[in-house]
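Colleague: I have the model open now. Could you walk me through it, perhaps with a helix to begin?

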Amino acid sequence: MATGQLGPFDHRMAVFDSDDGFVAAALPLLGEALGTFGEPPPVAIAAPRNLDLLRDALGTDAKDVTCIPHTDWYTGSAANAVAQAAAYLNAHAGPGGRIQLVMEPVWSGRAGRSARETTEWIRYEALANLLFAPLSTTALCAYDTRTAGPAVIAAARRTHPDTEVYEDPLRLVAELDAVPLPLPPASARPLAEPQAAAVQSWAVGRGLPAADAELFAAAVAETAAALAPLGGAALLWGEAPACVCELRSARRLDDPLAGFVPPAAGLEPGPGLWYARQVCAYVDIRDDAEGATVRLQYA
C-alpha cells in the first residue's frame, strides 16, 4: 500500500468518446486514492449515468468513493464552482488539501450553451492552476467529445499542465480579456451614486423580481465600494433577467484573480468583487491607461 506525499496542485485532463473511455480514464485515479494509506475518500463528480458506470466498475470499493452528480456541483457561474470547490476541500480534504477528484463539467448546461459561457469556464480552468496551486489536490477534468465540442476541448487543453499545449494562466486570461467589451447602449441610464436602493428600484422597474433586484443591487454597491474611488457615473441597462451595471474605477485592478479569492474575515468595506462574482452570471473587468471598467450582468 502506497504512502502519499504532499505536493503541489495536480491538474490533469482526460478526453474520451465512449462510456468505456470514461471509466478507463477515471478508475486509475480513484484506485490510486483507495490504495493510499490515510487518503481521504476520493470524489467523482460526473453525469449520473457515468457515476453508475463507475459504481459498477468499482464493485465493493464503490462505497469508499464519494459520488456527486455534476448538476449538483456545477450549479451556476465559474466563480460559483470556485467557491464550491474551496468549501468542499476545506471540509473534506486531508492535510495540505490532499484529496483526489474526478470532475466532469456540465457541457449540456450553463458551461456549454454559448461562447460567452464557454469563455468563463476556460477562464476558471486556467485560474484554477493559480487558485489551488498551494494545495496537494489532484483534479482530473473529464471531457467527453460527445458533449464538449472540438473548440472547447482545444481551449481546455491550454489550461491543463499535463498537455503539450499548456499555457501560462496569466497569458491565457490576458488573451481572453483582450477582447473589447461591447459598447453600452445609447439608452443606458447614468447613475452618479450607485447606491443599493437606487439600483434596486431601477432593476425592479426593468422586470427583475424583488429578491433578485436586491441581490443585484447589493453586488453593485459592494463592487462600487471595492473600486473606490470611482471614475465617473455608473451606467445601467438591460431587461430582466439580464440587468447590467457598468462601473468605472479611477485605478487599475491589475489582478486576474480579483473576485475569485474569498475575502478575509472582517475585510472592509465588504466582500466586494467576490460577492459580485457569486451573485452575477458575468463580471467582466478591463484595465486601461485611465483605470478599470467593471461590468456586472445579473443573468
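Modeller: Keeping in mind that this is a predicted model, we can begin with helix 4, which covers residues 78–92, has 15 residues and reaches 21 Å from its first C-alpha to its last, close to the 21 Å expected at 1.5 Å a residue.

Colleague: And which residues are buried in helix 4?

Modeller: The buried ones are Ala-78, Ala-79, Asn-80, Ala-81, Val-82, Ala-83, Ala-85, Tyr-88 and Leu-89. As background, an α-helix has 3.6 residues a turn, so residues three or four places apart point the same way.

Colleague: Stepping back, how many helices and strands does the chain have?

Modeller: The secondary structure comes to ten helices and twelve strands. The radius of gyration is 21 Å, close to the 19 Å that the globule rule gives for 299 residues, so the chain is as compact as a globular protein of that length. Along the principal axes, the C-alpha atoms fill a box of roughly 65 × 35 × 35 Å.

Colleague: What about burial and contacts over the whole chain?

Modeller: Buried residues make up 47% of the 299 residues, and among contacts between residues at least 6 apart in sequence, 71% join residues at least 24 apart. The chain exposes about 13,600 Å², of which carbon and sulfur atoms supply 56%.

Colleague: Let's go to strand 6. Is Val-102 buried or exposed there?

Modeller: Val-102, which is found in strand 6 (residues 99–103), has a relative accessibility of 1% and therefore counts as buried, the cut-off being under 20%. Leaving aside residues up to four places away in sequence, Val-102 touches Phe-22, Ala-26, Leu-29, Leu-30, Val-43, Ala-44, Ile-45 and Leu-140. Its C-alpha atom is separated by 9.6 Å from that of Cys-67, which is 35 residues apart from Val-102 along the chain.

Colleague: And which residues does Thr-138 touch?

Modeller: Beyond residues up to four places away in sequence, Thr-138 touches Asp-10, Arg-12, Leu-29, Ile-99, Gln-100 and Leu-101. Thr-138 lies in strand 7, residues 137–144, and is buried, with a relative accessible area of 9%.

Colleague: Now strand 9. What surrounds Leu-236?

Modeller: Leu-236 lies in strand 9, residues 234–237, and with residues up to four places away in sequence not counted, it touches Ala-188, Arg-189, Leu-191, Val-199, Trp-202, Val-244 and Cys-245. At 1% relative accessibility, Leu-236 counts as buried. Ala-276 is 40 residues apart from Leu-236 along the chain, and their C-alpha atoms are separated by 16 Å.

Note on methods:
Residues are numbered from 1 along each chain as its sequence is written. This is a predicted model: local features need pLDDT of at least 70, side-chain atom pairs count only at pLDDT 80 or more; totals for chains, interfaces and linings use all residues. Side-chain values use heavy atoms; hydrogens and water are left out. Helices (H or I, at least four residues) and strands (E, at least two) are DSSP runs, numbered from the N terminus. The radius of gyration is taken over C-alpha atoms; the globule rule is 2.2 Å times the number of residues to the power 0.38. Buried means under 20% relative accessible area, exposed over 50%, partly exposed in between (1.4 Å probe, protein chains only). Contact means heavy atoms within 4.5 Å. Accessible areas come from the Shrake-Rupley method with a 1.4 Å probe; for residues, only the protein chains shown count as cover. The expected span of a helix is 1.5 Å times one less than its number of residues.
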